[in-house]
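Work through the exercises below with the sequence and the model open. Each task is followed by a solution in steps.

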Amino acid sequence: MSDAMIKAEAVHKRFGRNEVLKGITLDVAPGEVMCLLGPSGSGKSTFLRCINHLEKINSGRIWVDGNLVGYRQKGDVLHEISERDVAQEREQIGMVFQRFNLFGHMTAEQNIIEAPVRVAGLKPDVARAEAKVLMDRVGLGDRLDAYPAQLSGGQQQRVAIARALAMKPKLMLFDEPTSALDPELVGEVLDVMRALAADGMTMVVVTHETGFAKEVGDTVVFMDDGVVVESGDPVSVFENPQHARTQAFLSKVL
Amino acid sequence: MAEADQSSEPAPAPAAPVEINAVPVRRPGRLVAGFLIIVVAAALIKSAATNPRFGWGTVGEYLFAPTVMEGLVKTIELTFLSMIIGIGIGVLLAVMRLSPNPIVVAASGFYIWLFRGTPVLVQLLFWAFIAALYPVISLGVPFGPALVNLDANTWITPFVAVLLGLGLNEGAYMSEIVRAGLLSVDEGQEEAAKALGMRRMMTMRRVILPQAMRVIIPPTGNETIGMLKTTSLVSVLAYTELLYAVQLIYATNYKQIPLLIVASIWYLVLTTILSIGQYFIERHYGRGTAREVPPTLLMRIWQSFSTWRHTRVEIPEPTRHGL
Ligand SMILES: Nc1ncnc2c1ncn2[C@@H]1O[C@H](COP(=O)(O)OP(=O)(O)O)[C@@H](O)[C@H]1O
Ligand SMILES: [Mg+2]
């Protein structure tokens, strides 16, 4: 294997007869921030969900930190791994959703300590202390007792990021983390993500925020219709797109 | 990210608002309707109080009679135990319905079909006569050796038969209620739990079920009140709950009406207590949602009387924003 954090090789994914991913091959190095762009329906979310095995791929391979996602290879044969092992793989991969998906019946603090206590077996007071640190880090140190419904969208998304970080993941996946936010709340979430990138977190970010992609992204990948059309460093992709489909897309979002 | 909290923005101090103190619209229809209802109610009360066949003296005499009290305790016991069985089975069946395994789904569907498709009275009678069907109940490996043999007549006591009859039947109804609750929880909740490394059962127990409760509780309250009344059916099995207790008494003194009133009073007392309890449970499971649980009927009546007295127009507070 290689020392890539994520290595995807010819990943195909079908829903029924609808082929959504048609052979995705890409590498994400440790500490790299990869921004995934592309029109709606091009398969960005699906690819992200394949990385933590929320979706099963139909062919190809994905490795995270050298481990095959969802399977174990013995000789030429792939064996599905158990639910417990899948869950264990997911602990290492944080995910942030467009609609935040905070647990509505729990306070911010309870949201954050739930998995560390129940899944990782941390002592509740240790987890609570860590939750406080994380909430400070996302600028919400005084909202530990707030329920999601009492927080603005931007605040909820920052709690969701803190919740994912509480499992100390080695990789963070963001699926359009700012798309459900009012424009004036986008900045506060991007600030948190920027700080995270500066700390060296490996991140795959599906986003339409080209400003963020340019500034924070190490690589930009443009996807369309289930394939990677173009990828490279942000400057070359944004300022000198080679492919007509990339040009057409960028002319709409820039 | 320092200046993110916009709630700290100073709002311009508004000029002191003037309370609206308007003369309410006259509503003659309401007055007439209210008057008619009061007249009819007064007539009914007078007839009930003066008709000697109601036997209010006898009602008072038997209201706290030991036999009635014992029956009352049995009724409460049956209601709660069979609801616990029903809820347990209901949750199990609902979770089975969502299983990826088709055989598990089919088993749950069959159970619901069977128990909802036959009258509960028939089921109760089956359990009462179970010993005729299975004189010996063997627990052990299916088609293999038995580990324990239980004599049905000693183990399926009338109490157990009644409990099984009511509880297993209730499970079929509860499963539909629980299922509706589970489906009401946004899929994103399960996704988020999975992504954090939580497994299916933990996700169900910690994330989905608690949020489904908000949808599950109100109909479960109704089921409990329904169950309280359904327990009276077991009087046909000569099981001494509230109704059978008063029947035993009027079998000897022939004062059927007063004793049925005694039973009705106790059923009403219990349903009232259950409704109040339901309000507080709903409020507990509503936490984390911006909306308040609607007030109970009693509270609404009280509130409308107090707004009759103060005709100030209430201006609703702005609702909390956020998704
Ligand atoms: N669970 C699913 N079942 C069936 N089709 C799906 C499912 N999820 C996504 N799709 C389809 O896959 C395609 C790609 O979706 P998605 O990955 O969400 O695109 P993007 O995130 O780039 O907008 C869409 O056509 C969508 O309808
Ligand atoms: Mg998407």
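**Exercise 1: Chain B as a whole**

In this predicted model, 33% of the 323 residues of chain B count as buried.

Task: Describe the secondary structure, the contacts and the surface of chain B.

Solution. 
Step 1. Count the elements: chain B has 13 helices and 2 strands.
Step 2. Take the contacts in chain B with a separation of 6 or more; residues 24 or more positions apart make up 71% of them.
Step 3. The accessible area of chain B is about 20500 Å², and carbon and sulfur atoms hold 68% of it.

**Exercise 2: The shell around ligand 1**

Task: Which residues are around ligand 1, and how do they divide into nonpolar, polar and charged?

Solution. 
Step 1. List the shell: A:Phe15, A:Asn18, A:Val20, A:Pro39, A:Ser40, A:Gly41, A:Ser42, A:Gly43, A:Lys44, A:Ser45 and A:Thr46.
Step 2. Sort these residues by class: 3 are nonpolar, 7 polar and 1 charged.
Step 3. Assign them to elements. Helix 1 of chain A gives the largest share, 3 residues.

**Exercise 3: Polar contacts of ligand 1**

Task: Which atoms of A:Ser42, A:Gly43 and A:Ser45 lie within 3.5 Å of an oxygen atom of ligand 1?

Solution. 
Step 1. Check the backbone. A polar backbone atom of A:Ser42 is 3.2 Å from an oxygen atom of ligand 1, and one of A:Gly43 is 3.0 Å from an oxygen atom of the ligand.
Step 2. Check the side chain. An N or O atom in the side chain of A:Ser45 is 2.6 Å from an oxygen atom of ligand 1.

Notes:
Residues are numbered from 1 along each chain as its sequence is written. Chains are lettered from A and ligands numbered from 1 in the order in which they are written. This is a predicted model: local features need pLDDT of at least 70, side-chain atom pairs count only at pLDDT 80 or more; totals for chains, interfaces and linings use all residues. Side-chain values use heavy atoms; hydrogens and water are left out. A residue is near a molecule or strand if one of its heavy atoms lies within 4 Å of it. A polar contact is a pair of N or O atoms within 3.5 Å; within protein, one must be able to donate a hydrogen and the other to accept it, and residues adjacent in sequence count only if both atoms are side-chain atoms. Helices (H or I, at least four residues) and strands (E, at least two) are DSSP runs, numbered from the N terminus. Ala, Val, Leu, Ile, Met, Phe, Trp, Tyr, Cys and Pro count as nonpolar, Asp, Glu, Lys and Arg as charged, and the others, Gly among them, as polar. Buried means under 20% relative accessible area, exposed over 50%, partly exposed in between (1.4 Å probe, protein chains only). Contact means heavy atoms within 4.5 Å. Accessible areas come from the Shrake-Rupley method with a 1.4 Å probe; for residues, only the protein chains shown count as cover.
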